[in-house]
Amino acid sequence: MVANSTKKKNIISQLFKKHHNQYEDLTTSETHLNPSELINYYTQFTNNHPDLIIALSRDGEIISHNRNSINEFLGYPPDENISLMKYVEDKWQKKLTTAFTNALKGKTSREYISVINNTQEEMFVNVIFIPIKQTQVVVDGVYIIVQDETDRIRMEQELEISEKHLLHAQQIAKIGSWEYEITKDQLHCSDTFFDLFGMDPLHSTPSMETPFELVHPDDYERSYKIVERAIQKGVGYVNDLRIYHGRTGEIRYLSIQAEATWRGNKPHKLVGVIKDYTEQKELEMRMFDSQKHFKYMIDNLSVGVWLKDVSTDRLSYVSKGVETILNYPLEQLYKPEDIWKRIIHPDDLETVMNRQIDLAEGKTVLQRYRIICGDGTTKWVFDQTVPSLDEAGNLVQLFGMIIDITTEMEMHEQLAYFATHDTLTGLPNQRSLYEKLDQYCTEKQHAPFALLYLDLDRFKIINDSLGYHIGDKVLRETSERMKATLHENSYLTRISSNDFVILITDYPNKEAVFKLSEKLIHAIEKTLIVDGYDLHITTSIGISFFPEDGDSKLTLIENAHAALYHAKQMGKNNFQLYSFSRDITSYKKYILEKDMRKAIENEEFEVYYQPRVKPSNGVIQGAEALVRWNHEEWGLVSPGEFIPLAEENHLIIQIGDWVIKNVCESLRTWKEKGLTIRPISINISPIRFLRSGLVEYVKEQLDINQIPAKYLEFEITESSMLKNEKMVINTLSGLRDLGASIAIDDFGTGYASLSYLREFHANTIKIDQLFIRNIEDENTKDATIISSILHLAKGLEMKVVAEGVEEYAQFDFLKQKECDEIQGYLYSKPVPIDRFEQILQTGYLKPLKTKVIQKPEDERRNYFRMEFPAHVIGEMSIMEVNKRKVNLGSAQVLIEDIGLGGLKILSTLKLPVNAAIKFIFRVTLMGEKFNLNANLVWKNEAKGEAFYYGIKFEINEHDETRLAKVINQMSVLVKLKQEIPDTPFIKGNPYSYLYRNHM
């Protein structure tokens, strides 16, 4: 062996180094050879040994090793310092340490371990520990012989895997192997062999007779002779036979193949395989049975089957079904002449013949076409032709099947019609409408079109009162009237019970669409006589335009339906636009609807509070929370304008929940400020009752803000009660359980019976201002109704709140009748939160003697104003918003006075005083027409829902001269008390005129 000549970190000693004083009782320095003598002693032996041999001292230090080293064994450079701990797992380290310790005690041992080499591969190593002794007692060191067993171990593993694979392959393929030792009459079988025969694998080594016990009697003698001949003559054989399976008793089909081996000029063994082909055999038998009945079946099918040889271009087989379908005798079909070209309908012949190219390419052809039969009738057939190619890819044969599908095609056409048309009116239905809209919306030229959504007003009453048969006749007659009214460029559809949609293209301008809408309304409203009933049908129409009102079918339909809803609200029997282009009201509605979602996200809403006051002493009893929208263009928007839009767009729930949250937060703030807080009433939309979770949400907000529920009152309308009675009752019950109060708002304006007062257990009745307006005289009907409500409420122990009180005389009447609370402008209009906090601090309000309408303080007139003897009808339109031009229709206004600087108007329009909105006013004075650009400079409340507006002109010199002349002429006529000619004055009450004309 070669001794280490340099001092290096000893890697073996990391495992075997012990304390120097260990085993001192076994060693004496006087009786042993020194390490150099020991090396010389064993050098001859180790140098020629093929394995790595390392000599260790008792301390685990390497004394010497043969030509190899641990580094080289593991694949590392000889001079590299490596840590053996890194390559040997803990469990192996413990074994090696134990073996080394035992070797020091004189015991030879062997350990199999695994280590990781420099390529991170696992090596399997046999490590032998041999004590080095000079005597039988003293151990001077330890030899370690390291043998690489990796190749052997892996070979054994691969052999084991191969055996398993062979076993699995036999099981999957249902193939068993066997050997038969002829002289010993012993049969050695694989597990699959036992399984295929159903033999017990634990059976002692069987003889050849054992499997023959299971052979089918009809195959036994033949099979036995084959095996006997193979044994005697030493020849191989192939044999198919049947057996009765040893476990199940069922018949199985086996195929056996064997070869013979010889020893000493005599047959020694038969070696073979066995395969179960039962499934294949059963399939063959089924196919045989199928073929047996095939011809019988084919000839009795209504389907026609044929076979054609391409080389001879003649039919080799034609079933009777072909004869029946074509109405041609079989003998004529077998003739070589190409009868098919005469049979196929001329309109379909080219298409059918073009498909024949696919057959030459080996593709199956499926097609439907018409044929002209032998009797002259026309039929629809389904033809399937399957090509057969030879090995060279040449078409040699055609197999075809032909089916008479005439009935199916007729049914298909009928179903296609029913799928796209309304069966009652014969009009295209919703599916057709969607297809047409998709077509219109995706056409490259994007041609504009209009969508009219029509709904027959109060049609349900006809069905309910006169019956559905009358209703159906009304629908048919109405659709005929519409078809007679429409032009060729119109597309009329019925999409549901009494809903129709019309698409109009190629119209010259939108005014033409409006005129057509009016013609439809007039055509439908003409008296309709059905089964002796004189019926007066009206319709409401909503209109949307592509592309400005939407660029997809659903958007256009939804927007037109929203316009229809608006038409219904406007009194029915009219048309309304979704687009803002018709008038100012439509434009404002469009802008508000467009901006509403953004307003919710940006929290542009604000809660105002209108106090409720006890009339006897003026003490604040509470307030109603009223949401306002601070729109950047239209200013403070009242709920009367945007709440209906929110309900249409299903955003009312989000707004309502936000109000609840905001009110609870405000109550907490007032409590923290030390204010005396009062109950706040909140309106709940009827839609909110149709969604669960209201009670839970209210409780959550009360808990978050630590507010008792008694400070919340929820107002519901009578119509809410009728939406879903059971759901409403459950929700109200839940709110009452929290401790909140319930108020019935707008009492008397709905349709609820008095029984609802008992069933809903409301705490408060709020009388609608509709009854308040005319109660100054106790003899009026409204005064009688209110007196009755107050008396009824006291009997039911309910509180009564009168809404909309504006006049002192109304206050006197309600106070005299001991109305519990009053809410209205007489005490206070709705105010923002900071103003309401001041009212809470005071805790008291006084009623105003009269409602004073003041002009704005900043109005400074530089020109003479002429006040008309009666209001003059004018027109107003918006022409610019934020320097953006708009093209709108006009709205009527009533002009009270006029001067060179401006005019004063009365209108029910709710407009903002916003310099960014430019208006144009049109008026005819003494036959002369004026178009005057202007801005709104002030706004004031008039009676009811009307407003006064101050208008400032942006007038040019020419119009100013014309206007000055007319004003002077009118002033002279007024002084002379003469009538002003050619001027559209109104007669009567201006407010009645405004409300009657829905301005």
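These legends walk through a few close-up views of a predicted model.

Residue numbers start from 1 along each chain as its sequence is written, and side-chain values use heavy atoms, leaving out hydrogens and water. Because this is a predicted model, local features need pLDDT of at least 70 and side-chain atom pairs count only at pLDDT 80 or more, while totals for chains, interfaces and linings use all residues.

**View 1. The whole protein chain, before zooming in.** The chain holds 34 helices and 39 strands; these are DSSP runs numbered from the N terminus, helices being H or I with at least four residues and strands E with at least two. Of its 999 residues, 47% are buried, where buried means under 20% relative accessible area, exposed over 50% and partly exposed in between (1.4 Å probe, protein chains only).

**View 2. Helices α24 and α25 side by side.** Here α24 (residues 652-672) and α25 (residues 694-705) have axes that come within 9 Å and cross at roughly 25°. Axes are lines fitted to C-alpha atoms, for helices over the stretch in contact, and angles run from 0 to 180 degrees between N-to-C directions. The two helices are therefore roughly parallel to each other, a label for angles under 35 degrees. On the α24 side, look for Asp657, Ile660, Lys661, Cys664, Glu665 and Arg668; α25 brings Leu694, Tyr697, Val698, Gln701, Leu702 and Asn705 to the contact, which means heavy atoms within 4.5 Å.

**View 3. His345 in its loop.** His345 sits in the loop between α13 (340-343) and α14 (346-354). This residue is buried, at a relative accessible area of 15%. Leaving aside residues up to four places away in sequence, His345 touches Arg370, Ile371, Ile372 and Thr378.

**View 4. Helix α23 and the residue just after.** In α23 (residues 639-648), the buried residues include Pro639, Phe642, Ile643 and Leu645. Just past this helix, His650 takes a positive phi of about 60°.

**View 5. The cis peptide bond at Pro547.** Phe546 and Pro547 are joined by a cis peptide bond, with omega about 10°. Pro547 belongs to the loop between β22 (539-546) and α21 (553-569).

View 6. Most residues other than glycine have a negative phi. Asn327, in the loop between α11 (320-326) and α12 (330-333), has a phi near 60° and is partly exposed, at 35% relative accessible area. Glu797 has a positive phi of about 60° and lies in the loop between α30 (781-795) and β31 (799-803). With 75% relative accessibility, Glu797 counts as exposed.

Note on methods. Angles under 35 degrees count as roughly parallel, over 145 as roughly antiparallel, 65 to 115 as roughly perpendicular and the rest as oblique.
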